[in-house]
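I am opening my notebook on a new structure, and I want to write down what I look up in the order in which I look.

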Amino acid sequence: MFQLNMNQLIGQVNVFFFTFDSLRYDTAQLALHQGKTPFLKQVLPEGQWEKRDTPGTFTLASHTAFFHGFFPTLPGKMQTFRPLSLAFEASTTINSNTYVFSTQNIIKGFESIGYRTFCLGGVSFFNKRNPMGHFLPGYFQESYWDESVGSTAKDSARKQCQLAQHWIQELSLQQRFFLFINFSATHTPHGYYLQRDQDSVDSQVAALMSIDQQLPLLVSTALQRGDCLCFWMSDHGDAYGEDGLVGHRFAHPTVSTIPYAEFLLHSWKTLR
């Protein structure tokens, strides 16, 4: 597996950290193979998602791990070196390509070297309606949530990408940014994308399509300001009846196996 050298990139490029909430690995792969996510097919390394294991089985656990540098890992016994880390004694997953922050989390780490950080949440863990809903957005300098970006809003992907684009355009051209989006479209409920009452792999494909359609303009806007380092992944999957299970927050391959991508988008690249 090719690994980018983060010590050559951090501080020089902008960062897109996207989580596609509840997106299963098989869903993401099916959407690619069916030609339903053409933008993702264009920008993902070799046009594919990596198969990874998540460090958590629900949103809060996974994102807490991510924001402390514990990203999804390669399946099996293969050691997964981390792209970003906090200074941590006796870690065996830091190598010469890892960028190490001496801060309490990686978001504060980016702020410490001059990045502006922004959180566009989607699911309820980001809604800021109660102390729990403030926890994950609280890592960032700025954050936004309303019902139009939540998991019950069919047009959430369009609204999230529009808000992110506006935020980027408000920054000075010299300002480096760390943009985090938790895309809620792929979180239940999504059966309504196919005019169905029940959620399924097929309706999650349709939800992912809605995100894919909105990404080109957002990415093109960002690339006008320079290269973008991308960490795009799911936080966990969902069971739709496999082995009698529905939902997540338990150990099962439908929940623990997720799509992951780590890559650099160049500002000179022409996006079709």
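This is a predicted model: local features need pLDDT of at least 70, side-chain atom pairs count only at pLDDT 80 or more; totals for chains, interfaces and linings use all residues.

What follows are my entries on the sheet, its aromatic rings, and some of the helices.

**Entry 1**

I looked up how the strands are arranged, and I found an open sheet of 7 strands in the order 2-11-8-1-7-5-6, with mixed pairing. Which strands stand at the edges? They are strand 2 and strand 6 (142-144), and each has a single partner strand, so one side of each is left without a neighbour in the sheet. I also noted that the twist averages 20° from one strand to the next.

**Entry 1: partners of strand 1 and strand 7**

As background I wrote that strands of a sheet pair through backbone hydrogen bonds, either parallel or antiparallel. I then looked at strand 1, which pairs with strand 7 in the parallel sense over 6 bridges, and here Phe-17 stands opposite Phe-180. Strand 1 is also joined by 6 bridges to strand 8 (residues 228-233), and these two strands run parallel; in this pairing Val-15 stands opposite Leu-229. Strand 7 pairs with strand 5 (residues 116-120) as well, again in the parallel sense, over 5 bridges, and Phe-118 stands opposite Leu-179 there.

**Entry 2: how covered strand 7 is**

How many residues of strand 7 are buried? I found that 7 of its 7 residues are.

**Entry 3: aromatic rings**

A pair of aromatic rings is described by the distance of the centres and the angle of the planes. Rings count as a pair if their centres lie within 6.5 Å, and by this rule the count comes to 32 aromatic pairs. I looked at Phe-16 and Phe-18, whose ring centres are 4.9 Å apart with the planes at 35°. Why is this pair called tilted? Planes under 30 degrees apart count as stacked and those over 60 as edge-to-face, and the rest are tilted, so a pair with its planes at 35° is tilted. Both Phe-16 and Phe-18 are buried.

I then turned to Phe-17 and Phe-180, which form an edge-to-face pair, 5.8 Å from centre to centre and with 65° between the planes. This pair links distant parts of the chain, since Phe-17 is in strand 1 (residues 14-20) and Phe-180 is in strand 7 (residues 177-183), 163 residues apart. Buried means under 20% relative accessible area, and I checked both members against that cut-off: Phe-17 has 0%, so it is buried, and Phe-180, also at 0%, counts as buried too.

**Entry 4: helix 1 and helix 7**

In helix 1 (residues 25-33) I listed Tyr-25, Thr-27, Ala-28, Gln-29, Ala-31 and Leu-32 as buried. What do the buried residues of helix 1 pack against? They pack against helix 2 (38-43), strand 2 (50-53), helix 7 (201-223) and strand 11 (257-265). Helix 1 lies across strand 2 and strand 11, running at about 55° to strand 11, while helix 7 lies across strand 1, strand 7, strand 8 and strand 11, running at about 175° to strand 1.

I then compared the two helices with each other, and they pack at an angle of about 65°, with their axes 9 Å apart, in a crossing that is right-handed. On the helix 1 side Asp-26, Thr-27, Ala-28, Leu-30 and Ala-31 take part, and they meet Val-201, Asp-202, Gln-204, Val-205 and Leu-208 in helix 7. Just after helix 1, Gly-35 takes a positive phi of about 75°.

Is Gln-165 buried or exposed? Gln-165, found in helix 6 (residues 156-170), has a relative accessible area of 14%, which is under 20%, so it is buried. Leaving aside residues up to four places away in sequence, Gln-165 touches Leu-217, Leu-218 and Thr-221.

A polar atom of its side chain lies 2.6 Å from the backbone oxygen of Gly-109. Ser-112 and Ser-22 are 90 residues apart in sequence, and their C-alpha atoms are 31 Å apart in space.

Note on methods. Residues are numbered from 1 along each chain as its sequence is written. Side-chain values use heavy atoms; hydrogens and water are left out. Rings of Phe, Tyr and Trp (its six-membered ring) pair if their centres lie within 6.5 Å; planes under 30 degrees apart count as stacked, over 60 as edge-to-face and the rest as tilted. Buried means under 20% relative accessible area, exposed over 50%, partly exposed in between (1.4 Å probe, protein chains only). Helices (H or I, at least four residues) and strands (E, at least two) are DSSP runs, numbered from the N terminus. Contact means heavy atoms within 4.5 Å. Two strands pair if DSSP finds at least two bridges between them. Axes are lines fitted to C-alpha atoms, for helices over the stretch in contact, and angles run from 0 to 180 degrees between N-to-C directions. A polar contact is a pair of N or O atoms within 3.5 Å; within protein, one must be able to donate a hydrogen and the other to accept it, and residues adjacent in sequence count only if both atoms are side-chain atoms. A crossing is left-handed if the near helix is turned anticlockwise from the far one by less than a right angle, and right-handed if clockwise.
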